[in-house]
Amino acid sequence: AEERFVAANPTSRRLHARAAEVMPGGNTRTVLFYDPFPLTLARGEGCYVWDADEHAYTDFLVEYTAGLYGHSNPVIQGAVEAALSEGIVLGGPNLLEAGFAAALCDRFPAVERIRFCNSGTEANLFALSAARAATGRQKVVAFKGGYHGGVLYFAGPNPLNAPFPIELADYNDSEGATALIAALGGDLAAVIVEPMLGSGGCIPAELEFLQALRVATEKTGALLIFDEVMTSRLAPGGLHGALGLTPDLVTLGKYLGGGLTFGAFGGRADIMDRFDPRRADAWPHAGTFNNNVLTMAAGLAGLTQIYTPKTAVTLNKRGDKLRLRLNAAAAKLGLPVQVTGRGSMMCLHVAGGPVRRPGDVTMPKALRDLLHFDLLAAGQYIARRGMINLSLPMTDSDLDGLVEAFAEMLETRRSL
Ligand code: PMP
């Protein structure tokens, strides 16, 4: 499979070699790298992308959920072009940001006040810093397999992690997390959790686990932060809205910027109001591009004109159906292959039993490579680690195409 991949992609290979001379590994995002070289993408339209050798793919990577609107939505393009024509680095509050902030506060029940930044990573760093300042405490609890940004990454050892004292607990282990939170007591500033592990393999949190975190943090006065950078797409009010939970702070990102660089953090008014510069004890919050007009325009147009609550429900129902079909294809062959997830986000695993945390899945690298190359050869662009996401332009026949390629791949590789 790898040989076929190399032979089919001479331009990507050449571009990668040249890029590697100036960027370590040939690229500036670790997640996009794979051996022997990643495909260079030249352009996208609707839910399709073309690589530098002109192969077309259905895009199921969907920029790790940020590409919800697809590559050429006319509403997004129109909003960006309109903003462009009014000047792009205005250096003052602009005409768009308050409306966008209001739309977000309207939409996400736990978000009473919000502030913008440039990425999900920044949003989490600000939320955690705010939690530490608000409580006057230092420690943070996060979960094994959690991903909150390149400097808040807990799937393995990461010497670059932000220098917060972070204790790790097991995902979906209510008792373990409750005991840890209680033991840290008055030293614990915050618990940060993805209500479904995204990068960690689209593993949903059990409701009882999230409820236990809510109860345990309330007891000790630690703040509960939901990282909804990925999961806010899963329901009209985000996953916390769907589950009826009220975290103290919520972080947002990805598609909410309309496909442009974006992050935001918000939540309880009494905490967020500490950022009010009119206060004598105000917390500072800086960022040259926090309110950049292109993101504000694309994000506002996307949320209010395209990804309405009704559209969110429909898209996620389609995702649920797709996941069932993929699982049925694996079950038919009696293979220990599972697709976990919720709504429009899912991930392919090799696992015989229930998948409740990342440790429950085993995917040997050789097999992961094969599946990935097989699907690429069939015109299906998914994330190397098995993640599959839906975007709005996808038609039923695009989804059928993935199911067929998936079933064929399993059939071909069933003996492995
Ligand atoms: N939190 C989660 C749950 C994410 O999935 C990501 C990105 N994959 C981030 C935070 C970081 O967002 P960004 O890449 O915009 O910094």
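Predicted model: local features only at pLDDT ≥ 70, side-chain atom pairs only at ≥ 80, totals over all residues.
Student: How do you know the handedness of the crossover from β10 to β11?

Tutor: Follow the chain from β10 through helix α8 (residues 238–243) to β11. A path that runs clockwise, with the strands pointing away from the viewer, is right-handed, and this β-α-β crossover is right-handed.

Student: What makes β10 and β11 a pair of strands?

Tutor: The requirement is at least two bridges. There are 3 between β10 (residues 223–227) and β11 (residues 249–253), so the two qualify as a pair, and they run parallel. One place to look is F226, whose bridge partner in β11 is V250.

Student: And in which sense do β11 and β12 pair?

Tutor: That pairing is antiparallel, with 5 bridges. V250 takes part here as well, with G266 as its bridge partner in β12. In general, strands of a sheet pair through backbone hydrogen bonds, either parallel or antiparallel.

Student: In what order do the strands of the open sheet come, and how is the pairing described?

Tutor: The 7 strands follow the order β4-β12-β11-β10-β7-β5-β6, and the pairing is mixed. β4 (113–117) and β6 (166–169) each have a single partner strand, so they stand at the edges, with one side of each lacking a neighbour in the sheet. On average, neighbouring strands of this sheet are turned by 20° against each other, direction ignored.

Student: Which strands does helix α4 lie across?

Tutor: Helix α4 (residues 97–107) lies across β4 and β12 (263–267), and runs at about 125° to β4.

Student: What makes β2 and β3 a hairpin?

Tutor: β2 and β3 have 4 residues between them, and E54 in that turn has a positive phi of about 70°. The strands run antiparallel and are joined by 3 bridges, with W50 partnered by A56 in β3.

Student: How many bridges join β3 to β15?

Tutor: There are 2, which meets the threshold of at least two for a pair. These strands run parallel, and T58 has Q380 of β15 as its bridge partner.

Student: Which residues come nearest to the ligand?

Tutor: Of the 16 residues around the ligand, S119, G120, T121, G149 and V229 come nearest. Helix α5 (residues 120–135) gives the most to this shell, with 3 residues. By class, the shell has 4 nonpolar, 10 polar and 2 charged residues, and Gly counts among the polar ones here.

Conventions
Residues numbered from 1 in each chain as written. Near = placed C-beta within 6 Å. Axes fitted to C-alpha atoms, helices over the stretch in contact; angles between N-to-C directions. Contact = placed C-beta atoms within 7 Å.
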